[in-house]
Each structure stands twice: as structure tokens, then as C-alpha cells.
Amino acid sequence: MVPAKHIISTKQFLDKVLLEDLFAQATSLSKMPLNEYPKPLENLTLATVFFEPSTRTRLSFETAIQNLGGHLITVENAGEFSSTKKGESLEDTIKTLNAYADGIVLRHPEIGSAERAATVSKVPIINAGDGAGDHPTQALLDLYTIQKSHDKIDKLKIGVVGDLEHSRTQHALIYLLSLFDVELFLISPAELQLPKEEQTYLRKQGITFHTLTSWKDVIGELDVIYINRVQKERFKFMEDYLALKDSFILTMESVKQMKKSAIIMNPLPRINEIDLAVDDDPRAIYFEQVKNGLYVRMALLQHIFSI
Ligand code: NCD
């Protein structure tokens, strides 16, 4: 039997040819009218099991499988509405879903949960976020968005901003960016810096990066500013969150200092880290990012289920 193609970490995508194939497929899907989509997943069922809230990740996977002709089963708010509430283990939940589904999209609050699920699953597990760990499919759509907007990734100056300690989106993206000749600006409060593991990886890959607590001196140089909310749910003490939640707020005043060609990204949800007035600026592309997520996830599902 061919082993299942689990998608656990961006570290599985450190291959430019694979990325180019996925992105080419996403672009071709984005140009097709809905009624012309191929239906290669016609006899397949995808399960979406989310133990943490989600709008975009869950709904884009659910749209993607249906666009490609497949079926969907879902447990929304799985911590409350699945047998986990009665004390069932994640492993038993996954083994059960193996009886119904050909693939499982899992979001769970614990780092390493997707990997745990994969050890007991005969069908592919897709990590849709494991706590403050990884979020590989978001990183793929983020890289796709950067590539699409700038027509390249090499030579870009990229600022990642916000809660770099807990943001799985940023952890995941760092690995993909390291494949390219980029200069990174890690901008966060001193308390919320990018974890050592990712910093060590960047160093090992020879990526030039700067650790900053303000964007003041660099905002005019950046080609990409990717800002994320402070991750409230990861804090042990509410007072720590409250002290840091307003550390970075992008307003038009700062946007005016940015390059005309720069892009402003956010994985969403946006809380207060980007002022609403910024939405009308052509550099704000976070809702385009959402759309790209659908095509990238469609391409990824085709990749996972291809023989
Ligand atoms: C992100 C997540 O869940 O990590 N959201 C998403 O998937 N688009 C980012 C976040 O919650 O801040």
C-alpha cells in the first residue's frame, strides 16, 4: 500500500520544484470558471475536524473538496461536539474517522497533535494548525501570494510583524522563505520574539535577518509587511496579553511611508493590528490572500490524492 501523504509541516515543502508545481496548478484553477473545474476527487470524502476556531482554513478546505467533486463531513467545535468532550483520545477519534473519510483536516490546540494523529491514521492528515506550532497550508498560500504580487521572491525585503513567538503562520512561513535569497526583518515586542529553533534555522541557511522591536527605521524599505495579531489564546496570564496586544498597529500614517510596490499581508482574523482605513489602500492584499488560499488548497488536495 502507498503510504498516506500526510501534510504536517512546511519542512516537507523545502523543494522549489514541488512549490512551483503547486503554484502553477493553483494559478490554472484560479483562471477556470467553477463549472469547468476538473472533478478528480469525485469518489473521495474529506473530514474537517477543528478543535480551535476557524473561518478561512476550514471553509476553504470545505469549498476546495466540493469544487473538485468530492464529499465533505465535518465536526465543527470538535472539543465540544465530538466524543472528546466525553474523554475520548485524539488517537481514537482519528481511527474512527478513518472508517468514513479518505483524508482528515485537523486543527488542534496542542503542538505536535497533527503528527500524533498521523501515527495512527492510514488516510492523509492535513495539519490546519497545531497550537503555536505549524500551519503548513497557510504558509503555502502566503508564499504563493508574495510570489504572485511581486513576480519573484528572491531579493525581497520581508518584514514579519507581531506575536512571532506564538504565530504558527509565521513559524511555518520562515522555513519556506529560507529557500530564497530574501532579507528578513523580525519585528516584535521583545517578549514575543521568533522562537530559537526558527532563528537557528535561518542562521544555518545563511539568511540575513534583523531582530527589531519597531518598524520605524525600515518600513520604507520593505517589499512585504506581514503583520499578525497577538495570539490571545496562547497566553497563560490575561494581563500579559493585555500589556502586549496593542504593540503594533498599522495605520495609514505608516502605510504612507511604504514603497508603492509593497504589499501588506495578514493571515486574518485581523483584530486591531491593521486600522480599517488601510483596507482601501491597494497595497492591502489580505482579502486576496484569502482567495489565493482556496486555489492553493485545491491544488494541494489534488497533489495529496494523486497516485
Ligand atoms: C491563523 C491561525 O489560525 O493560525 N489564521 C488562519 O488560519 N488564517 C492566524 C491567527 O489566528 O492569527
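Biologist: Which residue takes a positive phi just after α6?

Modeller: Helices (H or I, at least four residues) and strands (E, at least two) are DSSP runs, numbered from the N terminus. Helix α6 covers residues 136-150. Just after α6, the residue with a positive phi, of about 65°, is Asp151.

Biologist: What pLDDT do side-chain atom pairs need in order to count?

Modeller: Residues are numbered from 1 along each chain as its sequence is written, and side-chain values use heavy atoms, with hydrogens and water left out. The model is predicted: local features need pLDDT of at least 70, totals for chains, interfaces and linings use all residues, and side-chain atom pairs count only at pLDDT 80 or more.

Biologist: How far apart are the end C-alpha atoms of α6?

Modeller: The expected span of a helix is 1.5 Å times one less than its number of residues. Helix α6 has 15 residues and should therefore span 21 Å. The model agrees with that, since the end C-alpha atoms of α6 are apart by 21 Å.

Biologist: How many residues of α6 are buried?

Modeller: Buried means under 20% relative accessible area, exposed over 50%, and partly exposed in between (1.4 Å probe, protein chains only). Among the buried residues of α6 are Pro136, Leu140, Tyr144 and His150. The helix α6 is mostly covered, and of its 15 residues the number buried is twelve.

Biologist: Is β6 largely enclosed or open, and how many of its residues are buried?

Modeller: The strand has five residues. Strand β6 is largely enclosed by the rest of the structure, because its buried residues number four.

Biologist: In β6, which residue is the bridge partner of Gly159?

Modeller: Two strands pair if DSSP finds at least two bridges between them. Strand β5 (residues 157-161) runs parallel to β6 and is joined to it by five bridges. In β6, Gly159 is partnered by Phe185.

Biologist: What is the handedness of the unit made by β6, α8 and β7?

Modeller: A crossover is right-handed if, with the strands pointing away from the viewer, the path from the first strand over the helix to the second runs clockwise. The unit of β5, helix α7 (residues 168-177) and β6 is right-handed. For β6, helix α8 (residues 196-204) and β7, the β-α-β unit is right-handed.

Biologist: Which residue's backbone oxygen lies 3.1 Å from a polar atom of the side chain of His171?

Modeller: His171 is in helix α7 and counts as buried at 5% relative accessibility. Leaving aside neighbours within four places in sequence, its contacts include Ala132, Leu164 and Glu198. The backbone oxygen in question belongs to Gly133.

Biologist: Are the rings of Trp215 and Phe248 stacked, edge-to-face or tilted?

Modeller: Rings of Phe, Tyr and Trp (its six-membered ring) pair if their centres lie within 6.5 Å; planes under 30 degrees apart count as stacked, over 60 as edge-to-face and the rest as tilted. By this rule there are five aromatic pairs. The centres of Trp215 and Phe248 are 5.4 Å apart and their planes are at 45°, so this pair is tilted.

Biologist: How many residues apart in sequence are the parts that this pair ties together?

Modeller: Trp215 lies in the loop between β7 (208-212) and β8 (224-227). Phe248 lies in the loop between α9 (238-244) and α10 (252-255), so the separation in sequence of the parts tied together is 33 residues.

Conventions:
A polar contact is a pair of N or O atoms within 3.5 Å; within protein, one must be able to donate a hydrogen and the other to accept it, and residues adjacent in sequence count only if both atoms are side-chain atoms. Contact means heavy atoms within 4.5 Å.
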